[in-house]
Amino acid sequence: MSTTLKTSSHTYLLESQLAVGGQAVVFRAVDEQKQQVVVKISKDVEGNERLERESKEIQALSQRHGEEAAAWLVRILDTGKTSEGRFFLVEPEYSCNLKQWLQDRPLKERLYAAMLTCKAVDRLHRGVRGWR
């Protein structure tokens with residue numbers, strides 16, 4: 001895999017690998033203006049399909065729940081396809097883990113985050129069931 005990712009508008013330097021799974025690899029990256037992003041790149045054709053569905057689900061949840069969901073969902077900055085595979089870019093969120101984040105929120109916000117999570121899992125499960 002190359003150390004850069006070129007999109008239609010930017011070139012990103014892949015600084016470090018954050019995670020690797022069966023379908024994709026996640027990197028910390030930076031663009032020409034030194035903006036930090038997180039890049040998820042699929043590893044193969046099956047990963048391409050799953051990554052595309054994942055990005056569409058995140059975007060659909062964001063659109064459906066608007067600003068209320070902004071605190072709980074990552075914001076997708078860009079999606080596309082390169083010779084390496086499909087990718088999407090999100091804003092980095094390194095300030096705390098989910099458990100810490102939830103502890104700092106009022107009960108109403110924690111319940112709303114749980115509801116959005118359940119909806120996302122349900123939608124993913126329905127998508128995966130048809131995929132098997």
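1. Start inside the protein. The largest nonpolar core has 11 residues: Leu5, Tyr12, Leu14, Val25, Phe27, Ala29, Val37, Val39, Ile41, Phe87 and Leu89. A nonpolar core here is a set of buried Ala, Val, Leu, Ile, Met, Phe, Trp, Tyr and Cys residues joined through side-chain atoms within 4.5 Å. Buried stands for under 20% relative accessible area, exposed for over 50%, and partly exposed for what lies in between (1.4 Å probe, protein chains only). At least two residues of this core come from each of strand E2 (11-20), strand E3 (24-30), E4 and E6. There is also a second, separate core of 7 residues, with Val26, Val38, Leu51 and Ile58 among them.

2. A word on what you are looking at. This is a predicted model, in which local features need pLDDT of at least 70 and side-chain atom pairs count only at pLDDT 80 or more, while totals for chains, interfaces and linings use all residues. Residues are numbered from 1 along each chain as its sequence is written, and side-chain values use heavy atoms, with hydrogens and water left out.

3. Now the overall layout. The protein has 3 helices and 6 strands, and along the sequence they follow the pattern β-β-β-β-α-β-β-α-α. Helices (H or I, at least four residues) and strands (E, at least two) are DSSP runs, numbered from the N terminus.

4. Two strands count as paired if DSSP finds at least two bridges between them.

5. Strand E4 (residues 36-42) and strand E6 (residues 85-90) are joined by 4 bridges in the antiparallel sense. Across this pairing, Lys40 faces Phe88 in E6.

6. Lys40 turns up again among the charged pairs. The structure has 4 salt bridges, each being a side-chain nitrogen of Lys or Arg within 4 Å of a carboxyl oxygen of Asp or Glu. In one of them, Lys40 meets Glu54 at 2.8 Å, N to O. That pair ties together distant parts of the chain, with Glu54 in helix H1 (residues 45-69) and Lys40 in strand E4, 14 residues apart. Glu54 is partly exposed, at a relative accessible area of 29%.

7. Helix H1 has another spot to check. Glu52, Lys56 and Arg86 are linked in a network of salt bridges. Lys56 and Glu52 have their closest N and O atoms 3.4 Å apart, and both lie in helix H1, 4 residues apart, about one turn of the helix. The side chains of Arg86 and Glu52 also meet at 3.4 Å, N to O; this pair spans 34 residues, from Arg86 in strand E6 to Glu52 in helix H1. Glu52 is partly exposed at 29% relative accessible area, and Arg86 counts as partly exposed too, at 21%.

8. Last, some whole-protein numbers. Of the 132 residues, 30% are buried. Among contacts (heavy atoms within 4.5 Å) with a separation of 6 or more, 42% are between residues 24 or more positions apart.
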